[in-house]
Amino acid sequence: MTAPQPLSGLRVLECAGWNGVLVGRLLAEAGADVVRVVGPDGDPLDREPPFFGSSGVSIQSAYYNAGKRVVSLDLSEAGGRGQFLELVRAADILLEDWSPGSPPFDDGELRAANPLLVRVSVTPMGLDGPRSGWRVNDLVANALCGSAWLTGDASSPPITGYGNQSHHTVGLYAAVVALAGYRLARLTGAGVRIDLSAHEALVSCTEQLLMQWFFPNGTWGTPIARRQGSLHWSGAYEVYPAKDGHGVMVTASLKLTEVLVPWLIECGAAQDLADREKFPDVIAMVKNLPYVMKVLREWVATWERGEDLFYEGQRRHQPFGVVWNVREAIERSPQIAARRYFSETEVPGFGRAKLPGRLFRTNADGPPLSLPARIAADETGWRPRAAAISAGGAGGLDRARPLEGVRVLDFTHVLAGPFGTRVLGDLGAEVIKVSSAKRSGGANSPDHPYYVCWNRNKKSVALDMTRPEARAVARELALKSDVIIENFSAGVLRRWGLDYASLEAEHPGVTVISMGGMGQDGPWKDFVTYAPTIHALTGLTYLTNPEGTRTDGYGFSLTDHLSGLAAALAALEGLEHRERTGRGLAVDLAQYELGLGIMAPALMDFLANGTNPEPPGNRHPFDAWAPHGIYPCAGEDRWIAIAARGDDEWRRLAGMLEIDPGGQFATHDLRVANWRELDAAIAARTRREDAFELAERLQRAGVHAGPVQHARDLAENDPQLEARDFFGSARAEKWGEYGLDRFPARFDGARPPVYEGVRQVGEDTFDVLASVLGYDDGRIADLMASGALS
């Protein structure tokens, strides 16, 4: 008998395009039975390029629909509607991105068919508001949310991130809220309608964009974050070329005086950094960070091979990364082979092909996913549940806080882990953050805005984990927790006796999530990584660039946000697995493999067809849209994103901009071939227009368009965010009242309501040890005297 996977038995009905298609794959990876419903004309994803050779099988459909069963129904006629409602009666979760203005079923019909249904509506802008009907694709989504504003160089147009990244972000969020909603339905005995705004989800994943706006007096000097190529907002990470032309992402952020400067001295490259009078300590160096980075840039230029510098840096535990293209990202990485990341499947008309693996691994994983299977509606094997879900005595549960009663022990730091536990805390979980005075410096301190942004809704306990007394306290907390999350180096939790194997005998229901950069095994397991490292090694930096440039990459830490969302999803899968089996999960979330996963179509195109892409700028990576670009508008540094799919939309756009739609632009293939002339013709018309007014007119004409927005646009001039009351505030002792972005989903119309401000390190130690562990004053005093609680 096959061992149950985390979501075994869960039935998911998917009726979604790009905004929801990743969700079904993610749930299928965990064992859910996902049935995708498409129209009588077939699955639009089947027509998405690229394809496996000449087989006609879409690579993108193969990836995003892997593990699903696909049913074709005509929802415009009675028979198809009846068959769909039969599936609804037997489903647990419905994933849909129907247009808010014309859904094929209203909420009443669906609730009548299945009162326990968890309906997850994933729409570009949300179900209501003045822009709820806007046409938005990946390019326009990146423009509207601020992602494009941050990406690229100030001297050139903003750049959209390479390859479906807005859909990946939204898909991870949607999977989280789907399982949170399912837990809510199981506990309360009532279904729920979840309204997830892709726009709001994306805005919440733009790192410094909102931080600088909410905290304008930081060292960044401006509330509106700048585009600055590969240079991180902190000024401490940047990509520099070695002699062989390979860019190397180097950073002065980790052990600058202990490791990096001595290494520079060893190489004879330290320049003035070795002068103790000019630079007596790390503080002096940080104050002169531009000079430090200049020294690094000149030093990198002396290396013959960028890859050699990457490996030597990692040998010294420096989070360097070499900028690889897609071919190199696959062929130069021993970690991929050692962890058997790719699996093989048979593609009709092509032969054997490789598919990327899961975004994270658990000890309850099933076999690799196969290509989607086409079936008839009466072949699903689904029947309505024999009995309703029991309310379980939780009828008073706050419907906008579905994780109330879940305790999370949080050992994370910087962004990736804290963002994941922030998501869980927003949804009602009790998050106990463990830190210490020794580890609470810089961006890991409650006195830094960066920490403030990612650590709301958490209690703070101070434990000095170098002391055995503190580790004993941590173990007791672990045995009282439902989920443990950490992003230390591989093996740290095991040495503390807090990994799943160490806790399993006493607490089999706990889920332990390790978010190591490279995973818990393999030749790179000890490598030190931050998001810019992951971006460089997976091809994301290389391909997120204007044509002819190789070093800019994303303007913020995308994979940190996505890894955090994946950790939140893993936590919810752990809770579901415990419901089914009584046992939690051991989760190995390699942020590197998540980075490879979000590059999946490009990786698969290379493996199948030998395609090694070059940076496309703002053109569509697979030429499915033309035009597809970001164009100048009136005013300083103002831009608009415009995309058209097919001849009809192109003719509408051409008519609005008074461009001849024929001639060299008459067909899609001609527009792709003449993209430079096409972009020039559009730019000549847009540069005299206001970006916001033009976007409104183009949207009314049925064209995908949106202004490239920055922080002020979002906070003060975005009518959609204002109408949906997206921004709020919290209070903290040091900061007083400060701004924040609220959770991007509503549960039956209500957002999660609690946004408690950040706590000082150790602020809740006494209360947690007393209330959770039952310690008395004397025992806590003894621990304080020993130094364990510091």
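Me: Which residues does Asn-487 touch, not counting residues up to four places away in sequence?

Reply: In this predicted model, Asn-487 touches Phe-411, Thr-412, His-413, Gly-417, Pro-418 and Met-515, with residues up to four places away in sequence left out. One of these neighbours also takes part in a polar contact: the side chains of Asn-487 and His-413 meet at 2.9 Å.

Me: Where does Asn-487 lie, and is Asn-487 buried or exposed?

Reply: Asn-487 belongs to the loop that connects strand 17 (483-486) with helix 19 (492-495). A residue counts as buried under 20% relative accessible area. The relative accessible area of Asn-487 is 13%, so Asn-487 is buried.

Me: Which residues does Ile-93 touch?

Reply: Not counting residues up to four places away in sequence, Ile-93 touches Leu-10, Arg-11, Val-12, Leu-13, Leu-117, Val-118, Val-120, Ala-178, Leu-179 and Tyr-182.

Me: How is the crossing of helix 5 and helix 7 to be described?

Reply: An angle of 65 to 115 degrees counts as roughly perpendicular. The axes of helix 5 (residues 138-145) and helix 7 (residues 165-188) cross at roughly 75 degrees and come within 8 Å. The two helices, helix 5 and helix 7, are therefore roughly perpendicular to each other. At their contact, Asp-138, Ala-141 and Asn-142 of helix 5 meet Gln-165, Ser-166 and His-167 of helix 7. By class, this contact of helix 5 with helix 7 has four polar residues, one nonpolar and one charged.

Me: How many residues of helix 13 are buried, and which elements do they pack against?

Reply: Helix 13 (residues 306-315) is mostly covered, with seven of its ten residues buried. These are Gly-306, Glu-307, Leu-309, Phe-310, Glu-312, Gly-313 and Gln-314. The buried residues of helix 13 pack against strand 8 (247-251), helix 10 (256-266), helix 12 (289-300), strand 9 (321-322) and helix 21 (531-538).

Me: Which residue with a positive phi follows helix 13?

Reply: His-317 follows helix 13, and its phi is positive, near 60 degrees.

Key
Residues numbered from 1 in each chain as written. Predicted model: local features only at pLDDT ≥ 70, side-chain atom pairs only at ≥ 80, totals over all residues. Heavy atoms only, no water. Axes fitted to C-alpha atoms, helices over the stretch in contact; angles between N-to-C directions. Helix = DSSP H or I, 4+ residues; strand = E, 2+ residues; numbered from the N terminus. Parallel < 35°, antiparallel > 145°, perpendicular 65-115°, else oblique. Contact = heavy atoms within 4.5 Å. Nonpolar A, V, L, I, M, F, W, Y, C, P; charged D, E, K, R; others polar. Buried < 20%, exposed > 50% of the residue type's maximum accessible area, 1.4 Å probe, protein only. Polar contact = N/O pair within 3.5 Å; in protein donor to acceptor, adjacent residues only side chain to side chain.
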